[in-house]
Amino acid sequence: MSKNANYGSEEPTYAKNFYDVIIIGSGPAGFTAGIYASRAKLKTLIISGSLPGGQLMTTSEVENYPGFPNGIFGPELMMNMRQQAERFATTIIDDEVLKVDFKKRPFLISTHSETYEGRAILLCTGASPRKLGIDGEQEFSGRGVSYCATCDGPFFKGEEIAVIGGGDTAIEEATFLTKFGKSVKIIHRKDFLRASKILQEKAFENSKIQFVWNHVVTRITGNKKIESIDVNNLTTGKTQNLSVGGLFVAIGHEPNTSIFKDQLELDDKGYVVLKENTRTSVEGVFAAGDVHDYRYRQAVTAAGFGCMAALDVEKWLSENKSHK
Ligand code: NDP
């Protein structure tokens with residue numbers, strides 16, 4: 001294992017694979033943290049993960065990220081953030097983390113090709129929307145199939161929209177989508193919702209929302225974009241075809257935390273548990289963005305959490321110089 005940094009001198013010297021902070025993940029949280037940490041003169045490494053740039057790399061136009069009055073394409077926004085982090089000397093490695101060891105100090109992070117040592121670690125691995133796993137889902141993703149109403153709703157003006165799910169997200173998104181769609185059908189596999197009562201009441205009172213109970217979507221079809229869906233009645237077994245111009249899948253998210261299991265505290269759904277501000281249950285390991293935040297899940301909130309976590313890391317490192 002390589003030697004650690006020499007913190008006694010003004011200009012610390014570092015071994016090749018040794019960093020003050022290693023950020024795992026490269027969505028808005030990871031890049032924002034990289035910008036703040038490297039501007040604070042911390043030797044900073046971002047390991048980007050299997051989808052460098054994160055979820056925004058798979059979206060088209062982003063209209064709600066402040067600072068871009070005419071919108072910006074998701075991949076362009078992420079490229080800008082990457083360049084901004086690199087400008088302040090953040091090292092970015094496009095590799096995937098396979099194993100972490102938070103029991104050792106410095107912490108050990110292993111990728112396909114290397115092992116890195118970090119005095120502090122920041123988890124920004126995000127979450128992935130749960131997929132239906134049906135025919136046409138991948139083909140029409142970004143062409144009528146969406147996993148985020150806040151991001152894509154305004155593109156569906158005047159369309160017949162369907163939303164799948166019966167939780168808070170599905171009901172909140174369906175209500176939001178009535179601002180744009182001609183009508184919104186909520187397709188749910190049960191005959192009752194798990195969403196909170198207040199959201200349910202709002203949806204029941206909304207004349208633009210119709211409920212399709214006890215149904216699941218089994219196939220998505222179209223040409224250049226989505227045109228219709230097959231829905232199967234779980235009570236009768238019958239399948240019918242519905243015309244739709246947009247389909248929003250809101251059946252939950254899965255945090256990307258499988259490699260952290262047994263290393264720190266996760267909640268029963270797998271999200272990282274924060275103890276104080278952005279600190280996790282392991283001292284020196286911090287988290288930011290969708291990996292702990294199941295509620296807001298916006299690019300701008302993830303960026304905000306990334307900033308907060310980098311400030312927390314900087315403070316913790318300055319108070320814990322012995323952690324090398
Ligand atoms: P949830 O896990 O709460 O709900 C997922 C919904 O999708 C459930 O109704 C579930 O059905 C359904 N579902 C799951 N898998 C499938 C499938 N393969 N096919 C069809 N349907 C499926 O996720 P949410 O994203 O709605 O919420 C996550 C958390 O975020 C919750 O704690 C929620 O309270 C919170 N939240 C809070 C908000 C607020 O307070 N304003 C807003 C948004 C989220 P079933 O019911 O049958 O299990």
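1. In this predicted model, three strands form an open sheet in the order E14-E15-E16, and their pairing is antiparallel. Strand E14 (215-222) and strand E16 (239-243) are the edge strands, each pairing on one side only. From one strand to the next, the twist averages 25°.

2. The pairing of E14 with strand E15 (residues 226-233) deserves a separate remark. These two strands run antiparallel and are joined by 7 bridges. Within this part of the sheet, Val-217 stands opposite Val-231 of E15.

3. Which residues come nearest to the ligand? Of the 15 residues around the ligand, these are Asp-168, Thr-169, Glu-172, Lys-190 and Arg-194. Sorted by class, the shell comprises 6 charged, 6 polar and 3 nonpolar residues.

4. Arg-194, already listed among the nearest residues, has a side-chain N or O atom 2.5 Å from an oxygen atom of the ligand. A polar side-chain atom of Arg-295 is placed 3.0 Å from a ligand oxygen atom. Gly-166 takes part through its backbone, with an N or O atom 2.9 Å from an oxygen atom of the ligand.

5. Taken alone, the ligand exposes 920 Å², and 79% of that is buried by the protein.

Definitions and conventions. Residues numbered from 1 in each chain as written. Predicted model: local features only at pLDDT ≥ 70, side-chain atom pairs only at ≥ 80, totals over all residues. Heavy atoms only, no water. Near = heavy atom within 4 Å. Polar contact = N/O pair within 3.5 Å; in protein donor to acceptor, adjacent residues only side chain to side chain. Areas by Shrake-Rupley, 256 points an atom, 1.4 Å probe, with all protein chains shown as cover. Nonpolar A, V, L, I, M, F, W, Y, C, P; charged D, E, K, R; others polar. Pairing = 2+ DSSP bridges. Helix = DSSP H or I, 4+ residues; strand = E, 2+ residues; numbered from the N terminus. Axes fitted to C-alpha atoms, helices over the stretch in contact; angles between N-to-C directions.
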